[in-house]
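Welcome! Take a moment to look over the sequence and the structure below, and then we will walk through them together.

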Amino acid sequence: LIHFYKRPRIFDRTMSESGSDSAPEDVTFEAARSVALENIKEAAKAIEDQREKRKTAKKRKIEFLKQQKEEKLKRLKELESQKLPEDLLANLTSSEPVTEDNPPSSSQDIVENTRKVFNDDG
């Protein structure tokens, strides 16, 4: 993760000047150590930020799915309340009156699609 973030580079005046023949100054152990610790802290902070982002995204998704489930259950409950009771439906289908206007259906009343084929033979 360290390579994703731009790190400030430490340049001494002698390093930034081109054309000087002198060797670059040695960086002290304490300065190198502080830079390394700073880089480690930045990397740890970046990792923690990513974890926090994932955590909040997961919470939002769980909350959305929970809300969606509640809405679905509410719709189903509403539809169930509009539905006729099962025993009433069972009584209606078994006790349908037969009258002259409503004769029992027979296979002769059913009109099927027919296909006519004309031959060119003449």
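Starting from the N terminus, the elements of the chain follow one another as α-α-α. In total, the secondary structure amounts to three helices and zero strands. Averaged over the chain, the pLDDT is 78, and 63% of the residues score at least 70.

Which element has the lowest mean pLDDT, and which the highest? Helix α1, residues 13-16, has the lowest mean, at 50, while α2 has the highest, at 95. Where pLDDT is low, the predicted coordinates should not be read in detail.

Let us turn to α2, then. This helix has 54 residues, and from its first C-alpha to its last it reaches 80 Å. That is close to the 80 Å expected at 1.5 Å a residue. Three residues in α2 are buried: N39, A43 and A46. For the chain as a whole, buried residues make up 2% of its 122 residues. The accessible surface of the chain comes to about 12800 Å², and carbon and sulfur atoms account for 53% of that area.

Now follow the chain past the end of α2. Between α2 (29-82) and α3 (86-94) there is a loop, and L84 is found in it. Is L84 buried, partly exposed or exposed? Its relative accessibility is 45%, so L84 counts as partly exposed, because that category lies between the 20% limit for buried and the 50% limit for exposed. L84 also takes part in a nonpolar surface patch, together with L88, L89 and L92. The patch made by these four leucines covers about 330 Å².

There is one more contact to find here. How many salt bridges does the structure hold? The count is one, and its partners are E86 and K83, whose closest N and O atoms are 3.5 Å apart. The two partners fall into separate accessibility classes: E86 has a relative accessible area of 54% and is therefore exposed, whereas K83, at 44%, is partly exposed.

Note on methods:
Residues are numbered from 1 along each chain as its sequence is written. This is a predicted model: local features need pLDDT of at least 70, side-chain atom pairs count only at pLDDT 80 or more; totals for chains, interfaces and linings use all residues. Side-chain values use heavy atoms; hydrogens and water are left out. Patches are made of residues with over 30% relative accessible area and no salt bridge: like charges are joined within 9 Å, nonpolar side chains (Val, Leu, Ile, Met, Phe, Trp, Tyr) within 5 Å. Accessible areas come from the Shrake-Rupley method with a 1.4 Å probe; for residues, only the protein chains shown count as cover. A salt bridge is a side-chain nitrogen of Lys or Arg within 4 Å of a carboxyl oxygen of Asp or Glu. Helices (H or I, at least four residues) and strands (E, at least two) are DSSP runs, numbered from the N terminus. Buried means under 20% relative accessible area, exposed over 50%, partly exposed in between (1.4 Å probe, protein chains only). pLDDT is the predictor's confidence in each residue, from 0 to 100. The expected span of a helix is 1.5 Å times one less than its number of residues.
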